Amino acid sequence: MRCISIHVVQAGAQVGNSCWELYCLEHGIQPGGQKPSDKTIGGGDDSYNTFFIGIGAGKHVPRAVFIDLEPTLVRSSDEVRTGNYRQLFHPEQLISCKEDAANNYARGRYTVGRGIVDLVQDHIPKVLLENGGPALVPTIIFSSSLVQRAMCTLSNTTAIVEGWARLDHKFDLMYSKRAFVHWYVGEGMEEGEFAETREDLTALGEGLRGGWSRIDRGTGG
């Protein structure tokens, strides 16, 4: 099995950077991508090939792509380029733009972000082909037997319903005052999209509540 990890924007890069550090420790791969002849740490098997690909001279690189608009591949990912594991990643795995979205969704989608779409769409299939065409893009869930740390994804719980409700309330308060709307419209977003988004959020919340109600009654999966 071959797994390709795609880490997107700041949060994805932060988690990804920590994740690959743990993968290296788990499989006995050094920060520079070298795997020593001593197999003690990695257990002597080739399971590391699921996450790493050999590129010759005993060097292995992650089966991963980091994507962000931030020129330095997000502020936290300066460590990806300059930290202890800076030699682990191949330069082609780090896709970035010349400027970030400045916390403006519309800027990332309609203006600045457009400049990186074609690059990403060309690069991802290339990575898939180089790795034998795997179709699995793993969620960041990791637990190591060697490192006393773990990460997990939390989703599909009743707490998510409450979280969306709080987000909806804050959205309504800000939109009623047209707070920051001009910044989004100025980047090409139509104001009608705000209303459409609010309707989608309402439908999402109702769907989650309905789903959990059926589960509570034992009528749904």
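Salt bridges come first. Side chains of opposite charge can pair when their charged atoms come close. The structure holds five such salt bridges. One of them joins the side chains of Glu187 and Arg107, with an N to O distance of 3.6 Å. This pair links distant parts of the chain, 80 residues apart. Glu187 sits in the loop between H6 and helix H7 (192-217). Arg107 belongs to helix H3 (residues 105-111). Arg107 has a relative accessibility of 17%. Buried means under 20%, so Arg107 counts as buried.

A further salt bridge brings together the side chains of Asp168 and Arg198, at 3.8 Å from N to O. Asp168 lies in helix H5 (residues 158-176) and Arg198 in helix H7, so this contact ties together parts that are 30 residues apart in sequence. Asp168 and Arg198 are both buried.

Arg198 also meets the side chain of Asp172 in a salt bridge, here at 2.6 Å from N to O. Again the pair links distant parts of the chain: Arg198 is in helix H7 and Asp172 in helix H5, 26 residues apart. Asp172 has a relative accessible area of 35% and is partly exposed. Through shared partners, the salt bridges join Asp168, Asp172 and Arg198 into one network.

Asp68 and Glu99 are 31 residues apart in sequence. In space, their C-alpha atoms are 9.5 Å apart.

The surface was examined next. Leu173, Met174, Phe180 and Trp183 make a nonpolar surface patch of about 450 Å². Among them, Trp183 lies in helix H6, which spans residues 181-185. Trp183 has a relative accessible area of 52%. Exposed means over 50%, so Trp183 falls in the exposed class.

Two backbone angles were also noted. Phi of Ala57 is near 55°, a positive value in a residue other than glycine. Ala57 is found in the loop between strand S2 (52-56) and strand S3 (59-62). With a relative accessible area of 78%, Ala57 is exposed. Arg178 likewise is not a glycine, and its phi is positive at about 55°. The loop that holds Arg178 runs between H5 and H6. Arg178 is partly exposed, at 43% relative accessible area.

The cysteines complete the description. A disulfide is a covalent bond between the sulfur atoms of two cysteines. A search of the whole structure finds zero disulfides. Cys3 has a relative accessibility of 3% and counts as buried. Cys19 is buried too, with a relative accessible area of 1%. Both values are under 20%, so both residues fall in the buried class.

In summary, the predicted model holds five salt bridges and zero disulfides. Arg198 takes part in a network with Asp168 and Asp172.

Conventions: Residues numbered from 1 in each chain as written. Predicted model: local features only at pLDDT ≥ 70, side-chain atom pairs only at ≥ 80, totals over all residues. Heavy atoms only, no water. Patch = residues over 30% accessible without salt bridge, like charges linked within 9 Å, V, L, I, M, F, W, Y side chains within 5 Å. Areas by Shrake-Rupley, 256 points an atom, 1.4 Å probe, with all protein chains shown as cover. Salt bridge = Lys/Arg side-chain N within 4 Å of Asp/Glu carboxyl O. Helix = DSSP H or I, 4+ residues; strand = E, 2+ residues; numbered from the N terminus. Buried < 20%, exposed > 50% of the residue type's maximum accessible area, 1.4 Å probe, protein only. Disulfide = S-S within 2.5 Å.
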